[in-house]
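Student: Could we go through a structure together? I'd like to learn where the words used to describe it come from.

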Amino acid sequence: QLQHQRDETQAKELAAALEIQRSLLPREIPALQGCQIATAWQPVRNVSGDFFNVLKLSEHAAGFCIGDVAGKGMPAALVMSNAQALVKVFASAHTEPRQLCEQVNRALCNQLSTGKFVTFFYAVFDTRSQQLRYSNAGHNPPLLVRRDGTSAWLDAGGTVLGVFSEGQYEQGELQLASGDRVVLFTDGLTEAVNAAGEEFGEARLQALLLATRHLSADEMQQQLMTEVRGFCADQFQDDATLLVLAVE
């Protein structure tokens, strides 16, 4: 009886924790003229170590990020909430992506216990110039798929956050154009496994994004999540998060 009550209490606490996490993620994606943004967030357990955000920095610029905390369960969820809050504190119209990575990294280094770290990607998109500036802190490189079918992985940056307090980050700059798509994801997507034990993998992801590049951000996101769910029979091994930026 006592064990049953404990289990019930724990289940309620985890459900409450997930609700708190959901409230930290953007309820509505800010509208930015000239582009569409679509997202998906699928926790594999009651709480998640994945996060994303879209921050309107000015009338014509937005910052967007994705991150994945090492580990699972409540410890990862607490770090996720902390990292999410730090991004909101440091992001501004005047902060370059590499600077933001350095600031969040320093703050996390003071707070995280040994062995904990965060993979992270942050970009700023300006709809007037159509310039994308980004920095990748050890995260799965997002994929840029251009309208003409060429593609590139966005890997300029540095090491994961929360380990080396003096970490320096490089910055990538890209000129986007109408019809281009940038897709951010966590490894819960590419590491989804089918019945034969194969991973979905980056090659399948790339082929699918090239095949669906003409779709809207929402349609592209839905198509990708449907494909991955079908591939792994909805048995995700890890949290899966996705953010699609489509230039109109």
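Tutor: Gladly! This is a predicted model, where local features need pLDDT of at least 70, side-chain atom pairs count only at pLDDT 80 or more, and totals for chains, interfaces and linings use all residues. Residues are numbered from 1 along each chain as its sequence is written, and side-chain values use heavy atoms, with hydrogens and water left out.

Student: Why does Gln84 count as buried?

Tutor: Buried means under 20% relative accessible area, exposed over 50%, and partly exposed in between (1.4 Å probe, protein chains only). Gln84 has 1% relative accessibility, so Gln84 counts as buried.

Student: Which residues is Gln84 in contact with, leaving aside its neighbours within four places in sequence?

Tutor: Contact means heavy atoms within 4.5 Å. On that basis Gln84 touches Leu24, Leu25, Phe51, Phe52 and Asn53. Gln84 itself sits in helix H2; helices here are DSSP runs (H or I, at least four residues), numbered from the N terminus.

Student: At what angle do H1 and H2 pack?

Tutor: Helix H1 (residues 2-24) and helix H2 (residues 73-90) pack at about 20°, their axes 11 Å apart.

Student: What makes the length of H2 close to the expected one?

Tutor: The expected span is 1.5 Å times one less than the number of residues. H2 has 18 residues and reaches 26 Å from its first C-alpha to its last, close to the expected 26 Å.

Definitions and conventions:
Axes fitted to C-alpha atoms, helices over the stretch in contact; angles between N-to-C directions. Helix = DSSP H or I, 4+ residues; strand = E, 2+ residues; numbered from the N terminus.
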